[in-house]
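Thanks for passing this one along. My notes follow the display, and they cover the chain contact and then the aromatic rings.

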Protein chains: 2
Amino acid sequence: MTENTTAGSTGTAWVYNFGASGTEGDSSMRNLLGGKGANLAEMSGIGLPVPPGFTITTEVCTYFNDNGREYPAELEAQVKDSISRIEAETGAHFADPANPLLVSVRSGARASMPGMMDTVLNLGLNDETAAGLAARADDARFAYDSYRRFIQMYADVVMGVDHGLFEDALETMKLNRGVFDDTGLEGDDLKTLVEEFKTIVQDEAETDFPQDPWVQLWGAVGAVFNSWMNARAITYRRLNSIPASWGTAVNVQAMVFGNMGTDCATGVAFTRNPSTGENSFYGEFLINAQGEDVVAGIRTPLPLTRAARQDGDGESMEEAMPDVFAQLDVVRRQLEKHYADMQDLEFTVQQNKLYMLQTRSGKRTAEAALRMSVEMAEEGLISQDEALLRVDPNALDQLLHPTLDPTAEKDVLTRGLPASPGAACGQIVLSADKAEELSGAGHQVILVRLETSPEDIHGMHAAAGILTARGGMTSHAAVVARGMGRACVSGAGELRFDEVSGTVFIHETQLSEGDIITIDGSSGEVYRGAVATVQPRMSKAFSTIMEWADERRRMAVRTNAETPVDARTAVGFGAEGIGLCRTEHMFFDQDRIIAMRRMIMAADTEGREAALAKLLPMQRQDFEELFSIMAGLPVTIRLLDPPLHEFLPHSADELADVAEAAGVSNETARQRALKLAESNPMLGHRGCRLAVTYPEICRMQARAIFEAACAVAATGAAPVPEIMVPLAATGKEIALCKAVIDEEAEAVMATTGQQLSYLVGTMVELPRAAICAGDLAAEAEFFSFGTNDLTQTALGISRDDAGAFLHYYIDAEIYAKDPFVSIDRDGVGALVKIGVEGGRSQRPDIKLGVCGEHGGDPDSISFFEEVGLDYVSCSPYRVPAARLAAAQAAIRGQD
Amino acid sequence: MTENTTAGSTGTAWVYNFGASGTEGDSSMRNLLGGKGANLAEMSGIGLPVPPGFTITTEVCTYFNDNGREYPAELEAQVKDSISRIEAETGAHFADPANPLLVSVRSGARASMPGMMDTVLNLGLNDETAAGLAARADDARFAYDSYRRFIQMYADVVMGVDHGLFEDALETMKLNRGVFDDTGLEGDDLKTLVEEFKTIVQDEAETDFPQDPWVQLWGAVGAVFNSWMNARAITYRRLNSIPASWGTAVNVQAMVFGNMGTDCATGVAFTRNPSTGENSFYGEFLINAQGEDVVAGIRTPLPLTRAARQDGDGESMEEAMPDVFAQLDVVRRQLEKHYADMQDLEFTVQQNKLYMLQTRSGKRTAEAALRMSVEMAEEGLISQDEALLRVDPNALDQLLHPTLDPTAEKDVLTRGLPASPGAACGQIVLSADKAEELSGAGHQVILVRLETSPEDIHGMHAAAGILTARGGMTSHAAVVARGMGRACVSGAGELRFDEVSGTVFIHETQLSEGDIITIDGSSGEVYRGAVATVQPRMSKAFSTIMEWADERRRMAVRTNAETPVDARTAVGFGAEGIGLCRTEHMFFDQDRIIAMRRMIMAADTEGREAALAKLLPMQRQDFEELFSIMAGLPVTIRLLDPPLHEFLPHSADELADVAEAAGVSNETARQRALKLAESNPMLGHRGCRLAVTYPEICRMQARAIFEAACAVAATGAAPVPEIMVPLAATGKEIALCKAVIDEEAEAVMATTGQQLSYLVGTMVELPRAAICAGDLAAEAEFFSFGTNDLTQTALGISRDDAGAFLHYYIDAEIYAKDPFVSIDRDGVGALVKIGVEGGRSQRPDIKLGVCGEHGGDPDSISFFEEVGLDYVSCSPYRVPAARLAAAQAAIRGQD
């Protein structure tokens, strides 16, 4: 609770006024006044024409929610005072038929928040003031149109009356009067409609529509605060990592009217083009309309500028209201300069007088964000650092992947998690083999699976996109798809597989192999049929930002890659080495998995060595390609990591094939598979435990690495292999593996006569490894923090199983963000810090990096900068985002 | 490496002499000289008759193993010098036929170590010196008997020649001569035998038996050092937590002969009775024999004292050699007083002269250890603290459980892990239901399973013992069996289940239900048929030690218990409360599991609440019983912990029953079960994640606890429930559960009018919980460290799957001890320490305990004392051990 609130009983300011007669807030008070309130105060403070009003602070919202929906005792008096100020400034008065004060009531949180009660306009109208307003404006139509709008809005959002009932009554009235547009109704018609509306309210809400403006005001204020806790708002906050504790403010402001005649208008504008980023005034307006009409699309709004006018459009504002437009254009420049950012404005013109109703930082596409940032920096409006900070690294993904054509029709079948960005469209296939087959025959396919496993890799490669029923943002499907740059929607829980018929159900929709669907890996949506996609193109601004980012960042950016395709992609995106090459992915090819399984089935070391000898030349070939592509760059190769049972098939039939290939009996194969089965594979016989118990596996891999490195060194730049021992918890494990690796290095160098530098290090992915980092660093020449597994073990959460409860945890704000997406600083982060300190204290020059999924997450990258890692490593398509995020982190670190 | 070794090149003493002409070592130098060497030096130093000799230090062993089996350069000269000293003292000389020096070569590590090369006697004999010895002693029989024994021993242990070949030749010789005993052979026979033995050596070892005493000496020394690394020694060290780095020493000592005539003898003695602890001289001797004859059992040794002589025995030493006996009795008293402990002595009488060959602390039964400690303290020989330190807490288990009759015949079928102490015998049953059925019909049964799960609890209760094929010392079977005080052998990997015939195979042995076996949970052995067992009885010494322990310890000792039987047992053993009541164990009864499964199958909160309402009265009843038994003592109750799928059956048929009982379709049940299935249940939807996502479960349990507590408080001592939130990683989770618990407490107290004290705390069993302990302690009023799960997550080792690699890890000394048995101080211990500090810094009076299996392990208890926990909690039968270990830890902590 803030100081202000606790001081509540002794005179807290719960209300902040703005207007010509004095403004108490400014744009720095966003947390207290919300974005809208702070900006209204700011505009008012710098002398722009803002109708007077006041903001009820976010602290009232918090108080309201913490105290059984009661207000602080002082609030009522403060609101009364503020209304009096508005009355004094405008000369209008609440409930005064002669000159009634009408106000708008709007919510305004710290961050923009759809899903909440938004706006009630024309509050203050009742039977008497409506009549008074009609008389004063000499315009019954205007007065009763305003009144019926007010009843409709208020009854909907405050009293919970179905909006459609009012629409129906309006339509009936138009039919009866034989008019097509709302504007065709006369004042009397609308007055009659008001009576009908009031009857609807009484029937539905079982109470009269409130006539007292004070009752109206408190009703609207309460509705805003209640809406902070409605389901849509809660969902939105979860998706956007907004804590419930922020609360919303309420803005109450004197109404101005864009619908009082043809010298009135209302509009929205962006100080630059929010879609392309071009530096041109962009917006729409409507003459004789209220703000909502522009948005609602009942009438087609017109462009602001002559330049934007299309053939057939009516007059632009620049033509129709040249003086007011000129004034608006000045305000536009003033505001953009004042805020040093593109603004999204709302304005109203009442009888040729301009009023500014809102300014805020404008939303923009990733492309526009890039272009504006670069151009504003080049214009001198902002610094290069600021330009870098303005671009959301996550949004860069949009620029690298195909996206759905925004104009295309879409039929949403279901939703999952946006696991790997980009859109893809193709025939459904239910198996990896089928994916490969159809793709080979020239078809685009979407691989649809309950979940994927390493055995599906070839199918994932063959597919344009992957859709799974299970698994989260860091499931196998998600991680591999991001690595490959394939679109992926994971965890689409409504998918049901009917194995008998080989079809997939989504509710009643039955999909068979060959049916076409489209998935959007950026939104998580799945569509029926083909939705057109558009290909990305890289802009000049993109290259400029990347250049600036590279100049600014301290940390290197590497990539997680094991295939030549991934490695080349990553180098193209600016990767400065490989931070994680997962060698197990190399063993799933048809030829290799046979040798791999023969090794698993072997009864003894000799049998394993014979099988490994078959794998050696293949591994060597893999590494030769990688070393050639990454010429001169470091390549971190992780020794075999998954438990051996991951390489065995699941069905008895397939296991019989394995038995035959390995030359053992079915029973032996079954027993061996049974023996390898694990209750908790995540915590099982994997990582360096394989190398410790089967040193021959480590030996083969080390030999393949050194033979490949020597071969590449003989003809080009000598690679520096960094051999990584996974899942170590003790220095001894690393020492045991290092002994084998060093032996092979020596042997290969002796044979080839080639001298090589190489490092042996470890992946710090267990809490004990972090705690005992000094012990590990005595053996390891580098640490790569494997924050995926470190998160799983430190938090005790299996990412494969987290779907059942993790969303509750995010909703309940137990973890502010999904800890597999953004590092849990207090827990996992603290362990990383302990690991960094322990490692450096033992070996001051130890190389430190991170290769978990967090390596591509901007918030996490910011943390890694704080603890001083040397590099981050992420999937190829995240490399640009990581470069930018690293630069942002460096800039923030300097402040 | 020690200072001594690194200074090697500048004059390290690699050899320490002892004897009448000067002794360089003493009993404090055990690490350098080994136990035997240090005690020989000590005895020599205090003037006892010890044949002269020297000890080659343990550092030579380390040097030898670290340097490719080479000796330090200075060693040879030092050994030569030492041999010269012996020669000077004895007047005998190496290779001198006139008066040949013969020596024994014995290994001697810091701790007693079976499995290594033990002894070579009579070294120095060759064809010439044997002849000389025969002449000098005027006894060819003696000389050639000594020579043939030497060849046999030396060829076996140094040259690797099969021992049996010599035995065969000896038997053949006896047959040929028509004699029954070895003593029947004449000098010439033995001389012939020596030639035959030398031929055997030449045939088998393909080299001559060495004639040069120096070659013999270095051969024997090398054999000792090599044997330090043989498989049996390595296994022994693993089982006994002895680091390989300790090394062994080698003792070379002038021979004395107990077999030179009837004025010669040899014997072993204990200064008190090692079996009962009684303060009486205890031992055996043989006239005209070498030491090995006493042990080998070729001749039946006779008692030392007249009192110990049975009818039909020959004369005791007291009668046969009264003077020497009197001298020995003086030495006995002197040594016991000198060492202030019961000694195990070896002596030889050569021509009526007594020689002491060894003294060491004597092994004793648990009962003897208790009695001796108490009596020695009462005699003033040692302090009470010392008495407490003398008793091995682990050995107390022996005193609480039935044991195998040591005199019974046994036929070992296989071996597993000694998972829960005690012996049990009964019919094999292969299912829990069958166990219950047969036990109900009055049969003793042994439940034999691949592994056990919570569903087997009723069968485990019904069985006298449990035998499993899978799982380690902390598997479900082991933990539950220890809790119940049932004998258990786990991880007997040679068991094979044939599900078709319902039989079990052990190699070729087929066992069916109804067949009788016996298991020894203290040794891990499994026997065919019924082996008689003997029931324990508690001695007076036991109570005395427990009293002294209770006075001395700082930490409280609680128990892990959930059944009235366990709780009563534990209170009987001195438990001071319940530290862990696992509520899930209460849900596996037939009635309850139905309600539980109905809850799991429920589609919504209402359905769950309806099912929970059925469980509420049963839970309340459980807690009422526990609170009554533990009257006045604290009871820590853990909320439901395991993932819900643990309560579902595995087969489709059983699931169909569940569906019917729950009133859902089979398909719905299947889908629900599928949805609940987890890849890594250990890291899944369990612990407080259940309470967070289904608060109604927590609510029901809280209500049952408070209703029970109020009911008990109404008629007796008010219990203090300590409600424990499991698997929390954040303060918020605890806060959410606490809110529900507090609500129920308030409601129940309002209804009953009873006021209750209670605590809400958490189990610290995740690394994040330890790291963020301050955050947790803001909500939690106590911490109980759940070091089982903390070990699994910190080390990333699933205890269910660890069997595949953990023994390699112990062998390779990656972990010095099984981290599930004894806490890993550097990793898990460090996290506990961080948790303790974090908890206390936030809440100085926070109550801190441990409830993992480590709570009953003496080494771990010692650690918990160091970090200052308030209590440990362990299974009922471990309570006495924990009380003693806590006292020992307090004593050690004070030093």
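1. In this predicted model, 50 residues of chain A and 50 residues of chain B make up the contact (heavy atoms within 4.5 Å). The area buried between chain A and chain B is about 4000 Å², with 58% of that coming from carbon and sulfur atoms; buried area is the accessible area (1.4 Å probe) that two parts lose on being put together, summed over both.

2. Between chain A and chain B there are 2 salt bridges (a Lys or Arg side-chain nitrogen within 4 Å of an Asp or Glu carboxyl oxygen). The side chains of B:Arg768 and A:Asp824 form a salt bridge, at 2.7 Å from N to O.

3. Now for the aromatic rings. Over all chains the count is 43 aromatic pairs, meaning Phe, Tyr or Trp rings (for Trp, the six-membered ring) with centres within 6.5 Å; planes under 30 degrees apart are stacked, over 60 edge-to-face, and the rest tilted. B:Tyr71 and B:Trp218 are a tilted pair, with ring centres 5.5 Å apart and planes at 50°.

4. B:Tyr809 and B:Tyr815 are stacked, at 6.3 Å centre to centre and 25° between the planes. B:Tyr809 is buried at 1% relative accessible area, and B:Tyr815 is buried too, at 4% (buried is under 20%, exposed over 50%, partly exposed in between; 1.4 Å probe, protein chains only).

5. A note on reading these values: residues are numbered from 1 along each chain as its sequence is written, and chains are lettered from A in the order in which they are written. Local features need pLDDT of at least 70 and side-chain atom pairs 80 or more, while totals for chains, interfaces and linings use all residues, and side-chain values use heavy atoms, without hydrogens and water.
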